[in-house]
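Please give me a short tour of this structure. I have it open in a viewer and would like to know what to select next and what is there.

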Amino acid sequence: MTQQIPSTEPELTGVRNFRDVGGLPTVDGRRVRQGVLFRSGHLAHATAEDAAFLTTLGLHTIFDFRNTADQRLEGQDVELPGVRNVNLPLTDPAHGAEFWTMVRDGEIEQLRGILGDGKAAARMVDSYRTIVTGRTAEHSRVLHALAEDSVPALMHCAAGKDRAGLSIAVTLLAVGVEREAIVADYLESNAKHRRYKVRRSGSAASAYTPEVMELLAPLFDARAEYLQAAFDTVEETWGSVDTYLERGLGVTPEVRERLRERLLD
């Protein structure tokens, strides 16, 4: 695989998992342009300095894939001047408020039942498959918006790992980025400084104990098997990426070419 171009990242205080996906190589020798496609966790806790930096990116659109439960728990994104905010809720592997209430209240037996013995990882795999097959309208909207006028763009969910990670992956597939490079970028979310901070405080003695955190670990991990499940689902359901894009998402070769013009060097 072609060596990825390293990029300098800012030290953002209140925004996790921010990065520019520029530099990723395509199968035909091109690269994703720097400064046109970004990904991150939510912007609800962005500091004034964070917001000032984000403003310098010249963003056209922010795609927020969180649901209403996420937004109640974390808050709304900070507003950036002149930036269009598009909320497209996607399936949350943690099922929002009810799940986190269970964690906060220390319902360890319930957590063992739904997350133990490999169930947490299986839950993630199933969620990725569900997003691919069940959220074609949302991914179609994102790709058409990018092809039309929505760059530079930032995609985020809560942690910037699953829902944003899949949406970034779909976008990169559409412009022909190498599969290995897509997976490598996805796995960057495992870096310690990128990982989601659990801010939900609970009074139960068992909330966030080592056992609880171990049970939750597969939900916080970016694992290649999760993204591979999404790729496999594309192949199983549509037969190929090209058919998935054209028939599943309504992204014609002409739209893909416009995407390539906007996103690639």
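Select helices α5 and α9: α5 passes α9 in a right-handed crossing, meaning that the near helix is turned clockwise from the far one by less than a right angle. The model is predicted, with local features needing pLDDT of at least 70 and side-chain atom pairs counted only at pLDDT 80 or more, while totals for chains, interfaces and linings use all residues. Residues are numbered from 1 along each chain as its sequence is written, and side-chain values use heavy atoms, without hydrogens and water.

Helix α5 covers residues 119-134 and helix α9 residues 210-220; their axes lie 8 Å apart at an angle of about 20°. Therefore α5 is roughly parallel to α9 (angles under 35 degrees count as such).

Next, show the side chains between the two helices. Ala120, Ala121, Arg123 and Met124 of α5 meet Leu215, Pro218 and Leu219 of α9. By class, this contact of α5 with α9 has six nonpolar residues, one charged and no polar.

Now move to Ser40, in strand β2 (residues 37-40). Is Ser40 buried or exposed? Ser40 counts as buried because its relative accessibility is 0% (buried means under 20% relative accessible area, with a 1.4 Å probe and protein chains only). Leaving aside neighbours within four places in sequence, Ser40 has contacts (heavy atoms within 4.5 Å) that include Val15, Phe18, Leu154, His156, Cys157 and Ala164.

Finally, select the whole protein. The protein has twelve helices and five strands. Of its 265 residues, 55% count as buried.

Conventions: Axes are lines fitted to C-alpha atoms, for helices over the stretch in contact, and angles run from 0 to 180 degrees between N-to-C directions. Helices (H or I, at least four residues) and strands (E, at least two) are DSSP runs, numbered from the N terminus. Angles under 35 degrees count as roughly parallel, over 145 as roughly antiparallel, 65 to 115 as roughly perpendicular and the rest as oblique. Ala, Val, Leu, Ile, Met, Phe, Trp, Tyr, Cys and Pro count as nonpolar, Asp, Glu, Lys and Arg as charged, and the others, Gly among them, as polar. Buried means under 20% relative accessible area, exposed over 50%, partly exposed in between (1.4 Å probe, protein chains only).
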